[in-house]
Amino acid sequence: MEVSSLPVELWQLILSYLRLPDLGRCSLVCKAWYELVLSLDKTRWRQLCLGCLEHRHPNWPNQPSVEPRSWREAFKQHYLASKTWTKNTQDLESSNCLSLFRRRKGRRQLCVGAAGEFSSLRAALAAASPYDCLVLLPGVHEEQGEVLLKVPVEVVGQGNLGDVALLASIDQHCPTARLCNMVFMPARFTSVLYKTTSGYVQFDNCNFESGQLQIHAPGTCQVKFCTFSQSSIHLRSMALCVLENCEFTGSENASVTVEGCPSSDRNWACKHLAVLAKSCTPSMREPDPAGCPTAKQDGWGESLLGPVRTCEIVVGEERSSFLSAVGAQALLGSAQEDTEFRENLQAAKEEECPALNSNSSDSDLHSDDEEDAQAVYKLPYQAHSLSHTLADVTHSRLQSNRLHALQRDLKLKSLQQELQQDKEAQSLANSLQGCIIRQCLFRDGKGGIFIYAQGQAKLEGSIFRDLTYAVRCIQNSKVIMLRNDIHHCKASGIFLRLSAGGLIADNNIHSNCEAGVDIRKGANPLVLCNKIHSGLRSGIVVVGNGKGIIRSNQIYGNKEAGIYILYNGNPAVSGNHIFQGLAAGIAVNENGRGQITGNIICENQWGGVDIRHGGDPVLRNNLISCGYSDGMVVGEHGKGLIEGNVIYGNKGCGVWMMSSSLPHLINNEISHNSIYGVAVFCRKDHAADYSHGQGRSESFQEEREGAGGENDSDSEEDYPAAQRPISVALVELNSINHNGAAGLHVKSSEALNIIANVIHANCDDGVAVLQSSQLTCIANNSISCNSREGVLVEAECQVELRGNGIYENSSHGIVSKGEGVIAENDIIGNHRCGLQLLQAADMKVTKNRIQSFRDYGIALFDEAKGLVQENLIFQGTSKKSILRPMSNAEDCIIQNNVLLTFKKRFDMECMLINPPARPHIEGGAPESCTAADGQRVSSITTRVDGGCHNHRSIFCTIL
């Protein structure tokens, strides 16, 4: 028979009436007929799949409205799975083909019920032969005592699901059995519906109500298309079992309990289950592409955030315009009040103080064009040790290139990329051991899955919602979670403790009342490529010696910290995008630690990173940007190594530190923040200090109770946080540029070392020391092109300035009212005085090279005193060199200074040669900030809303 004799549509219509065996025979006729049979996928194959009473929709219960890719393939998988129970031939001596022939030919069908051959299931089992089919007729079948299943049989309910109800407790003692299409209810004397300790049992399309299944190794099971209402499964020491397309509702405890290490005594069915599990592995879902991440409404749950709005950073010659001029004035607030005295000081003071001029002759260089004259007198200083870093921050194109490079380097990795690079994760993802749970729905109950005592489970493509918790894994157990959806849990979504481990990858975890993932007490999982968002508390909590590798996740929109590390938690956090949180991006408190590297932390409402109360992390090569408050907060008693990060475009300070904290701030780029680049304060913030609308205050006491509630004294490890010999806070080798206020603002009661930084083009002072009861050491820095003074030292502050290059600031080079030493600095090309001492300043000024084009090289006012000697001072076109008051001539010693006037340009070029231009660092400065893969760190986008700030951090008040 030729297909071409009729139109294809007619052949398809004819074949759509055939039964399954006839379709199979037709497909063997020829290739054309085979293709015709295949073309019936959405018609006849769909009818066969949905019409079978032993199966349900292939995507039930999670997506029953979504059609499978192939109805024929789905029907094939259902059919093969339903025959697994018949593959046991250990009890037969004949060959496989002969045993199957005998089984098929001699298989009987026994009817149980009022109109059947047997009145009870017990009577039918007594008469059954191996592999017989027992058909339960519609009705309620109740067994008074425990039913022993001694021969392998198939028990099937007739009619639709719900027509047959079986009230019994069955104990299986045979190697295999199958039960299908019935409702199980517990007998009056026990809640156990079914148990086996040695054989294999297969449940298809059943309902279980108010009871429990108990499967103990070496027994095993396969459960498919079943509903558990207030029922549960207890699996002990499973080598391998499979639960697919099941629904669990209303459980009073865990719906599935996995206990014990997988048994080495494997059931005969394990090899068949392994083949079936591999053939049904779903394809991996790719995460959303993210350069600079944004929250997306993808049907997994609503974000707590409004619309996301970002803008490109404009890298100009001076700074990014994050705020309007009015907004900037409001933000600076009282910071400007501290410098108001400087506006009209000069006119009144100079009238009272005679000038001390040089004996050398005046310059013969005069020009009508002031700019040309200034160019003639300008001293070249660009060859100092930090000039390469300075060149990077002053060149707009280079800076813009770095911004795009960082976006490329810190792009999220997909799960496939992670598995290719991490063999341990790949091994876990491919493992088939313990309990395999796929495409199941857990809802409206207390618990989802509880794994303990070295148990092992693998969860794929399941949904957990409206539970108390989704997964609880403890006591050296292992859980592998791939592509699950976990949301609206009343406690944490995933909870691991007591040395639990495993792989949590490519899951969507959102809208939970506690942490999305809670890691405690030595638990050490791999957490990769998840979306963790919209939680009512933190995204991930690592508590009480918890560990773990947290990598390539999107963590956003959580009400508390995106990642919260405390009580000796010590995870490795890398390659994550943590953004749009309603509190801090990462909080490290209460002796928390951790290696935090290569993350993008942006657009969080409070501090991008918050460290305090003994928190001692290592932060390297992160981008902390576009936050609505400070980029990084190091609060009371915070510590840590903060190295190689880009802290960019935050609406508060770049780094906010308390004087009691002892961080090492090394080799970071801190730029384009709306207030200070680095601010050091000596007092706490209070809730009343926050601007309106910054979000609700978090309760540290609640988090303490949550973290400590699981810490049993007999199992809690107790070891101190990592200690380093730190006695003074250190700010070293950073680039602090283009910030909206002072580059470095110090109001501290503790010692501070500021070493070898580039402080450039900030919109106020380069360094402002407003309070410093202990010594602040400012050494070997390049401080240039700031909008006010290069360095401001207020009264009663103790400062040592040594070896700095202070160049071309818009006001004075140094203004000091305090005490200390100013030695061996180059103070060149500033628009007003090189050095100004005011009020009761008491400074030792020695061996500096000072040049001012329009004003005095050194000016002393009021009761200023000290020693001014052995300085090299260039007398500019104004013929001013040293201004001093006559009233305190005895207290102010000025001696052995060299005052120079040049007539030829080459004379000026010789001025900064021996020694070379400062800062001069022996061996040269280390390389600038680099990312984890060696690429230069840069920055990407920012937001432009307004805000307010009042000398205090806007960081989160968790503590």
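Q: What is the relative accessible area of Glu154?
A: The model is predicted: local features need pLDDT of at least 70, side-chain atom pairs count only at pLDDT 80 or more, and totals for chains, interfaces and linings use all residues. Residues are numbered from 1 along each chain as its sequence is written, and side-chain values use heavy atoms, with hydrogens and water left out. Buried means under 20% relative accessible area, exposed over 50%, and partly exposed in between (1.4 Å probe, protein chains only). Glu154 is buried, and its relative accessible area is 6%.

Q: Which side chain meets Glu154 in a salt bridge?
A: Side chains of opposite charge can pair when their charged atoms come close. A salt bridge here is a side-chain nitrogen of Lys or Arg within 4 Å of a carboxyl oxygen of Asp or Glu. At 2.2 Å, N to O, the partner of Glu154 is Arg178.

Q: How many residues apart in sequence are the parts that Glu154 and Arg178 tie together?
A: Strands (E, at least two residues) and helices (H or I, at least four) are DSSP runs, numbered from the N terminus. Glu154 belongs to strand E5 (residues 154-157) and Arg178 to strand E8 (residues 176-180), so the tied parts are separated in sequence by 24 residues.

Q: Is Arg178 buried or exposed?
A: The relative accessible area of Arg178 is 2%. Because of this value, Arg178 counts as buried.

Q: What is the relative accessible area of Asp610?
A: Asp610 forms a salt bridge with Arg612, with the closest N and O atoms 2.4 Å apart. Arg612 is buried at 8%. Asp610 is buried too, with a relative accessible area of 1%.

Q: What is the relative accessible area of Arg802?
A: Arg802 meets Glu800 in a salt bridge (2.7 Å, N to O). Arg802 is partly exposed, with a relative accessible area of 33%.

Q: Which residues do salt bridges with shared partners join into one network?
A: The structure holds 31 salt bridges. Those that share partners join one network of Arg107, Glu154, Arg178 and Asp204.

Q: How many aromatic pairs does the count give?
A: Rings of Phe, Tyr and Trp (its six-membered ring) pair if their centres lie within 6.5 Å; planes under 30 degrees apart count as stacked, over 60 as edge-to-face and the rest as tilted. By this rule, the number of aromatic pairs is 15.

Q: What angle lies between the planes of Trp45 and Phe75?
A: Trp45 and Phe75 form a tilted pair, 6.1 Å centre to centre, with 50° between the planes. The pair links distant parts of the chain, 30 residues apart: Trp45 in helix H4 (residues 44-51) and Phe75 in helix H5 (residues 71-82). Both Trp45 and Phe75 are buried. The angle between the planes is 50°.

Q: Which charged residue sits over the ring of Trp45?
A: A charge sits over a ring if NZ of Lys or CZ of Arg is within 6 Å of the ring centre and within 35 degrees of the ring normal. For Trp45, a charged end lies 5.9 Å from the ring centre, and it belongs to Arg72.

Q: Within what arc do the buried residues of H8 fall?
A: In helix H8 (residues 270-279), Cys270, Leu273, Ala274, Leu276 and Ala277 are buried. They line one face of the helix, because seen down the axis they fall within an arc of 165°. The arc is that of the directions from the helix axis to the C-beta atoms. Its value is 165°.

Q: Which H8 residues are exposed on the other side?
A: One face of H8 holds the buried residues. On the other side, the exposed residues are Lys271, Val275 and Lys278.

Q: Which residue in E23 stands opposite Val256?
A: Six of the six residues of strand E19 (residues 254-259) are buried, so E19 is largely enclosed by the rest of the structure. Two strands pair if DSSP finds at least two bridges between them. E19 and E23 pair in the parallel sense over five bridges. Opposite Val256 stands Ile449.
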